[in-house]
Amino acid sequence: MTTQHVLAKDIAAFEGMKAELRQRYDGKFVVFHEGAFQGSFDSFDGAARDALKRFRDTPFLIRQVGAPEVMPMPASVAFRPAN
């Protein structure tokens with residue numbers, strides 16, 4: 001099972017709330033777990049620490065509200081050594 005499949009409910013919840021999140025939490029890091037919004041944080045580190053403490057080893061999603069969309073690419077492309 002892929003990570004995206006495991007996080008499908010969280011991704012769908014984030015996408016469904018995107019407009020509201022943009023109004024209230026622009027620039028903040030938000031956490032979703034099991035398809036539900038769990039909170040907003042000023043930093044990724046703060047969001048990750050809280051999520052790890054609360055959800056331990058179960059999947060959760062952290063996204064920065066308003067951040068540009070990224071195109072997934074293989075690590076071999078993203079981290080190719082420069083000659």
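Hi everyone. Let me begin with a definition: a salt bridge here is a side-chain nitrogen of Lys or Arg within 4 Å of a carboxyl oxygen of Asp or Glu. What you see above is a predicted model, and it holds 6 salt bridges.

Let's start in helix H2, which covers residues 8-25. Lys-18 pairs with Glu-15, and their closest N and O atoms are 3.1 Å apart. That falls within the 4 Å cut-off, so the contact counts as a salt bridge. Why are these two about one helical turn apart? Because they sit 3 residues apart in that helix. Both partners are partly exposed: Lys-18 has a relative accessibility of 28%, and Glu-15 has 37%.

Next, please find Arg-22 and Asp-26. Their side chains meet in a salt bridge as well, at 3.0 Å from N to O. Arg-22 is partly exposed, at 47% relative accessible area, and Asp-26 is also partly exposed, at 49%.

Now on to helix H3, residues 44-55. Here Asp-45 and Arg-49 form a salt bridge, with 2.8 Å between N and O. They are 4 residues apart in the helix, so about one helical turn separates them. Is Arg-49 buried or exposed? Arg-49 is exposed, because its relative accessible area of 57% is over the 50% cut-off.

Notes
Residues are numbered from 1 along each chain as its sequence is written. This is a predicted model: local features need pLDDT of at least 70, side-chain atom pairs count only at pLDDT 80 or more; totals for chains, interfaces and linings use all residues. Side-chain values use heavy atoms; hydrogens and water are left out. Buried means under 20% relative accessible area, exposed over 50%, partly exposed in between (1.4 Å probe, protein chains only).
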